[in-house]
Amino acid sequence: LKKETICQDEWGNYGIICQSVRDSVHLDEETKTAYPELSQSLTQLRNEQTEEITLFMDNFVGMAQEEAATNEDFYGYTSECEFFVQRADNQILSIRETHYEYSGSARPMSGNFGENFDPVTGKKLLITDVVKDMPELIRLLDEKLIEKYGEEAFYESPKELMEEYSPEYFYWTMSYQGLSVYFHAMDIGAYGINQHMITLWFDEHPEL
């Protein structure tokens, strides 16, 4: 992993008023040779990050200049993404992305996402590529969300919402011991907590 301040903007005496910081994933030469399709997929991932960074800076540099000029307590807008490799072997490369963004809202936004790849084909994996029974997965996630956070934490049924999800809408990572699924409060119909996470352990749910 390599952390890069890919884009930042300084303005007069105010210093850095808008920046985007990203981790990026790079393979060593031996792994590139062994998994060329994976190398191409990671290059595409870095290109997508660059597009996101450019969009963030285009949208918020001007707003940051205006706020810096009028608000002496302004500390700048920022968008950050950290990568944490959860598993890397010949079956899967699974990376947890932790995002943090502040761009003038009442409070910062943060959350976890997943990037998962088949090392041999380079294909980006969906949750349906690794789970045998999606209805059972949804039932278990609903049960464990209620158990962990309390029924009062949700103003809509997590199960009913998840049943409407397309596979691309599930954010997940895989470790050597289990599958973790991440939910953002606005997505899952929840109060208060910005991020929800459930881990299903392989040894407890071999049927999945």
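Arg139 is partly exposed, with a relative accessible area of 35%. The model in which this value was computed is a predicted one.

Arg139 belongs to helix 3, where Glu136 stands three residues away from it, a separation of about one helical turn. The side chains of Arg139 and Glu136 meet in a salt bridge, with 2.9 Å between N and O. Glu143 counts as partly exposed, at 37% relative accessibility.

The structure holds seven salt bridges. Three of them are listed below, including one between Asp89 and Arg87.

| Salt bridge | N to O distance |
|---|---|
| Arg139 and Glu136 | 2.9 Å |
| Asp89 and Arg87 | 2.8 Å |

In general, side chains of opposite charge can pair when their charged atoms come close. Arg87 has a relative accessibility of 9%, so it counts as buried, the limit being under 20%. Asp89, at 23%, is partly exposed.

Helix 3 itself spans residues 134-149 and has 16 residues. From its first C-alpha to its last, helix 3 reaches 22 Å, close to the 22 Å expected at 1.5 Å a residue. The N-terminal end of helix 3 is capped by Asp133, a side-chain oxygen of which lies 3.1 Å from the backbone nitrogen of Glu136. After helix 3 comes Gly150, which has a positive phi, near 90°.

The buried residues of helix 3 are Met134, Leu137, Ile138, Leu140, Leu141, Asp142, Lys144, Leu145 and Tyr149. The list includes the charged residues Asp142 and Lys144. Among the elements covering these buried residues are helix 4 (158-163) and helix 5 (185-188), together with strand 7 (178-184) and strand 8 (195-201).

Turning to the cysteines, the structure holds zero disulfides. Cys18 counts as buried, at 0% relative accessibility. Cys81 is buried as well, with a relative accessible area of 2%.

Key
Residues are numbered from 1 along each chain as its sequence is written. This is a predicted model: local features need pLDDT of at least 70, side-chain atom pairs count only at pLDDT 80 or more; totals for chains, interfaces and linings use all residues. Side-chain values use heavy atoms; hydrogens and water are left out. A disulfide is a pair of cysteine sulfur atoms within 2.5 Å. Buried means under 20% relative accessible area, exposed over 50%, partly exposed in between (1.4 Å probe, protein chains only). Helices (H or I, at least four residues) and strands (E, at least two) are DSSP runs, numbered from the N terminus. The expected span of a helix is 1.5 Å times one less than its number of residues. Contact means heavy atoms within 4.5 Å. A polar contact is a pair of N or O atoms within 3.5 Å; within protein, one must be able to donate a hydrogen and the other to accept it, and residues adjacent in sequence count only if both atoms are side-chain atoms. A salt bridge is a side-chain nitrogen of Lys or Arg within 4 Å of a carboxyl oxygen of Asp or Glu.
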